[in-house]
Amino acid sequence: MRRASEGERALLGETFVALCEIPSPSGDERACADHLLAQLEHLGLEPDEDGAGPGVGANAGNLYARVPGQSERSVMLCAHMDTVPPTAPLRPVLVDGGWENAEDTILGADNKAAVAVMVELARRLRSSSEPPPVGLELVFTVSEENGLHGAKAFDVTRLHSPFGYVFDHATPIGEIVIASPTYHRITAEIRGRAAHAGLQPELGRSAIAAAATAIAAMELGRLDAETTANIGTIRGGTAANVVPERCLIEGEVRGIDERRVEEVATALIDRLQDGADAGECDLDVTVERMFSGYRLAPKAPPVAVAERALRACGYEPRPVVSGGGSDANAFEAVGYPCANLANGTERAHQPTERVSVDALEGMYEVAIALLEAAGDE
């Protein structure tokens, strides 16, 4: 494998910084999409944008581009354009060998480190005097952070590649996610009765007290090696002197074993009903399946090719089970084989988010090696 040149490494850093400087919270990816379309067209590609945007509440659709190879064989790489919402300006700076935001908010390395790698891989292939041994398909999705909505809406039948990859696991390079969870989001509204808290509290029915009773009875946190449950938000009440009439609760259950996820979700709903009954309140519950889990066989082609590519770059492959989802879940759910690879980023979704120069460049070289390993498959 021809290693990345100094010029390629410098361009990768510049491309990454330019992407991070563009705010693109879920649903507002238009500026990032336009930037990418211009970049891909400049490379002589013919990118297109699908119509997924309106259906997923976004002002842009998924982008697709193809770099032809010497054969009909190809590999797909996918990254999402959106980020969690930044709360301050985006100003990437280099600190102690790594990219950070000079402001107190996210950097956007999740997932723009992977987006930059894909753009620069396409540039490398297009600048070569001959086509690559296998083709490359690029997919840039919208609205990943709020439920993988862009990937769910993408038409996988247009893909020529037999399998693909996302670089969307914020752990050291070398990890291959071989199992990812099913994720259920639970939203509950408890309705009680308002009353003056000082004059006639006995006439009220506290929705917040009912919610507290329910949550206190729940098993939350890590329930076993592959299952977690959480109550993330509670909102209710209008004033300190009013018995709260309504309380909204949001939670989630994640797990590799789908039956176990169903059992835990049912248990949480039962506790909510018990709490509402004890407080003489009414309950409305919605359970939304945000994405389905998957488990890859140890010798599945995406795993085998990734292992060879990682070793070629000096990384020891490490299969892992993840508690997080990615666009790979959406692709796997419709029968398209896809693996999620670690990208070396750190502290995703946090103001201290960071990616080292070594990790960014390492991800780039792994992407190069994936194409070569796929050609040998």
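Modeller: We begin with a definition: angles under 35 degrees count as roughly parallel, over 145 as roughly antiparallel, 65 to 115 as roughly perpendicular and the rest as oblique. Keep in mind that this is a predicted model.

Biologist: Which residues of H1 and H4 meet?

Modeller: From H1 the list is Glu-8, Leu-11, Leu-12, Thr-15, Phe-16, Leu-19 and Cys-20. On the H4 side, the residues include Ala-109, Lys-112, Ala-113, Val-115 and Arg-124. By class, the contact of H1 with H4 has eleven nonpolar residues, one polar and five charged.

Biologist: At what angle do H1 and H10 cross?

Modeller: The axes of H1, residues 6-20, and H10, residues 357-376, cross at roughly 110° and come within 10 Å. That angle makes H1 roughly perpendicular to H10. The crossing of H1 and H10 is right-handed. In this contact, Glu-8, Arg-9, Leu-12 and Phe-16 of H1 meet Leu-360, Glu-361, Tyr-364 and Glu-365 of H10. Four of the contact residues are nonpolar, none is polar and four are charged.

Biologist: Which residues make the contact between H8 and H10?

Modeller: Take the geometry before the residues. The axes of H8, residues 301-312, and H10 come within 8 Å and cross at roughly 130°. That makes H8 oblique to H10. The crossing of H8 and H10 is right-handed. H8 contributes Val-305, Ala-306, Arg-308, Ala-309, Leu-310 and Ala-312, while H10 contributes Val-366, Ala-369, Leu-370, Ala-373, Ala-374 and Asp-376. The classes in the contact of H8 with H10 are ten nonpolar, no polar and two charged.

Biologist: Let us turn to pockets. What shows where empty space is left?

Modeller: A probe the size of a water molecule is rolled over the atoms, and this shows where space is left empty. In this model, the largest pocket holds about 520 Å³ of space. It is lined by 27 residues, and the closest to its centre are Glu-145, Arg-254, Gly-324, Gly-325 and His-349. Strands S7 (164-169), S9 (182-191) and S15 (282-291) each give at least two residues to the lining of the largest pocket. By class, that lining has seven nonpolar, 14 polar and six charged residues.

Biologist: How much space lies in the second largest pocket, and which residues lie nearest its centre?

Modeller: The second largest pocket has about 250 Å³ of space. Its lining has 13 residues, and Arg-124, Leu-125, Pro-132, Pro-133 and Glu-372 lie nearest the centre. Helix H4 (109-127) and H10 are the elements that supply two or more residues to this lining. The lining of the second largest pocket divides into seven nonpolar, two polar and four charged residues.

Biologist: Is the peptide bond from Asp-110 to Asn-111 cis or trans?

Modeller: The bond from Asp-110 to Asn-111 is cis, and its omega is near 20°. Asn-111 belongs to helix H4.

Conventions
Residues numbered from 1 in each chain as written. Predicted model: local features only at pLDDT ≥ 70, side-chain atom pairs only at ≥ 80, totals over all residues. Heavy atoms only, no water. Axes fitted to C-alpha atoms, helices over the stretch in contact; angles between N-to-C directions. Helix = DSSP H or I, 4+ residues; strand = E, 2+ residues; numbered from the N terminus. Left-handed = near helix turned anticlockwise from the far one by under 90°. Contact = heavy atoms within 4.5 Å. Nonpolar A, V, L, I, M, F, W, Y, C, P; charged D, E, K, R; others polar. 1 Å grid on protein atoms, 1.4 Å probe; cavity = no way out; pocket = protein on both sides within 12 Å on 5 of 7 lines; lining within 4 Å. Points joined across faces, edges and corners; volume = space filled by probe spheres on them.
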